[in-house]
Structures are given as C-alpha cells and as structure tokens.
Amino acid sequence: MSSNDLRDEIEGRLAPWQQQLGGDGAGYTNHVLRVLALCDLLADDQQPPPSSREEYLTAAALHDIGIWSAGTFDYLAPSCDHARAWLASIDRSDLTEIVVPMITEHHKIRSAGAPDDAVEIFRRADAIDVELGLLGRFGVSRATYRDLAKRNPDHGFHRALVRLAARRLWTNPTSPLPMLKW
C-alpha cells in the first residue's frame, strides 16, 4: 500500500472522531502512521507487512482514540470498544482476540510477548514514538526515526499528550497514568 493510500485508509477510519479530535487530528493521524511504519521496521520482513494487515491497521488507528471519544486518559476500554465495533462492521470479529490485546497492552512497561509477536511489535512501535525515539528503540536507529518523523510530522501530538497527562494528574492525582501496566 502506498503512503498516500495508507494515509487515506487511516483518515477514513478516524473520520467518525474528527470533531472530537479537533486540532489534535493531524498529530494523531501522523502518530498512527509513525507507529505503523515502526511496526513494519520491527516485524523483521514479515509478509505481508504489518501496515497492510487489518489487525495492525485497526489497532493503530484506534489504540488511543478513547482519549478523545470518551474524553479521558483512562482510555483503553473505550478504544477497545471502538475496535470491536469496527471489526464487527467489516465482518472481521475474528481479529478481536489479537486487536484487543494489542490495544490493552500497548503501554505495558515490560515485554508483552516474543519480539515477533504482534502485541509486542505494536507495543514496541508505540513506545518508540511516544518516547520520540529517545529511549528504547529496539534496534531502530535515531536517524531512521528522525526520517520517519520528518515524513509524518508531530503536529503537536506529544504536546497534546503532555497537556492531557497534566490535566489527568490535576484531576486524578492518585491515578495519573491509568493506561500503564507492568
């Protein structure tokens, strides 16, 4: 799938939430595209590549959408609900058993499986992007990440995460990052 086709695919999946995404829409779309590109890099030449597989497309597009659709930083359950609904709407409920763990485990601190497991590939890809390629890169070079970030610019996505995390800390000081798991 070409990069333009992939962007169109992701934007189409996110269309129902454009109003809720508001000014964060371009940033979130590019986050999704960076995560998918990182999945391709981490998947060790798996065929077909993750960015063309429904389970990765669904998990990537919807993994954080609950932040905006439900207005909460405790967003894993609403994101999973949206993924289940999407998969049912395209008659691919058979993928629920892989997509839901990809979403629920994507902020797990420790490994979520073997390096070639879809859940772990997705977890690592999201971690690389959330950390701006500065911490654990799982073999992805800084230069590669910088090139990826140039092709799919941040558009304030990381600034939005900081703003949302600060709001969560202010309103829920005993549970500032409810999506993190050990």
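# Close-up views of a predicted model

**Figure 1. The residue D91 is situated in the loop that joins helix 6 to helix 7.** The model shown here and in the views that follow is predicted. D91 comes after helix 6 and has a positive phi, near 60 degrees. This positive value occurs in a residue other than glycine. Most residues other than glycine have a negative phi, and most peptide bonds are trans. With a relative accessible area of 68%, D91 is exposed.

**Figure 2. Helix 6 covers residues 76-89.** Its 14 residues reach 20 Å from the first C-alpha to the last, close to the 20 Å expected at 1.5 Å a residue. Which residues of helix 6 are buried? They are L76, P78, S79, C80, A83 and L87.

**Figure 3. Helix 6 and helix 7 pack together with their axes 9 Å apart.** Two packed helices are described by the angle between their axes and the distance between the axes. For helix 6 and helix 7 the angle is about 155 degrees. An angle over 145 degrees counts as roughly antiparallel, and helix 6 and helix 7 are therefore roughly antiparallel to each other. The crossing in which helix 6 passes helix 7 is right-handed. On the side of helix 6, the residues that meet helix 7 are L76, S79, C80, A83, R84 and L87. Their counterparts in helix 7 are T96, V99, V100, I103 and T104.

**Figure 4. Y28, W68 and F157 form one aromatic cluster.** A pair of aromatic rings is described by the distance of the centres and the angle of the planes. The model has three aromatic pairs in its count. In one of them, the ring centres of Y28 and W68 are 5.1 Å apart and the planes stand at 50 degrees, so this pair is tilted. The pair links distant parts of the chain, since Y28 belongs to helix 3 (residues 25-42) and W68 to helix 5, 40 residues apart. Y28 has 0% relative accessibility and counts as buried; W68, at 9%, also counts as buried. Y28 forms a tilted aromatic pair with F157 as well, at 6.2 Å centre to centre and with 40 degrees between the planes. Because Y28 lies in helix 3 and F157 in helix 10 (residues 157-171), this pair ties together parts that are 129 residues apart in sequence. Is F157 buried or exposed? Like Y28, F157 is buried.

**Figure 5. Helix 3 is largely enclosed by the rest of the structure.** Of its 18 residues, 14 are buried. Helix 3 reaches 26 Å from its first C-alpha to its last, close to the 26 Å expected at 1.5 Å a residue. Just after helix 3 comes D44, which takes a positive phi of about 55 degrees.

**Figure 6. N30 and L36 are two residues of helix 3.** N30 counts as buried, at 2% relative accessibility. With neighbours within four places in sequence left aside, L36 is in contact with L6, I10, S51, Y56, L57 and A60. From C-alpha to C-alpha, L36 and F122 are 8.2 Å apart in space, while 86 residues separate them in sequence.

**Figure 7. P48 lies in the loop between helix 3 and helix 4.** What is the form of the peptide bond from Q47 to P48? This peptide bond is cis, with omega near -10 degrees.

**Figure 8. F138 lies in the loop between helix 8 (118-130) and helix 9 (142-151).** Although F138 is not a glycine, its phi is positive, at about 50 degrees. F138 has 36% relative accessibility and counts as partly exposed.

How values were computed: Residues numbered from 1 in each chain as written. Predicted model: local features only at pLDDT ≥ 70, side-chain atom pairs only at ≥ 80, totals over all residues. Heavy atoms only, no water. Helix = DSSP H or I, 4+ residues; strand = E, 2+ residues; numbered from the N terminus. Expected span 1.5 Å × (residues − 1). Buried < 20%, exposed > 50% of the residue type's maximum accessible area, 1.4 Å probe, protein only. Phe/Tyr/Trp six-rings, centres within 6.5 Å; stacked < 30°, edge-to-face > 60°. Axes fitted to C-alpha atoms, helices over the stretch in contact; angles between N-to-C directions. Parallel < 35°, antiparallel > 145°, perpendicular 65-115°, else oblique. Left-handed = near helix turned anticlockwise from the far one by under 90°. Contact = heavy atoms within 4.5 Å.
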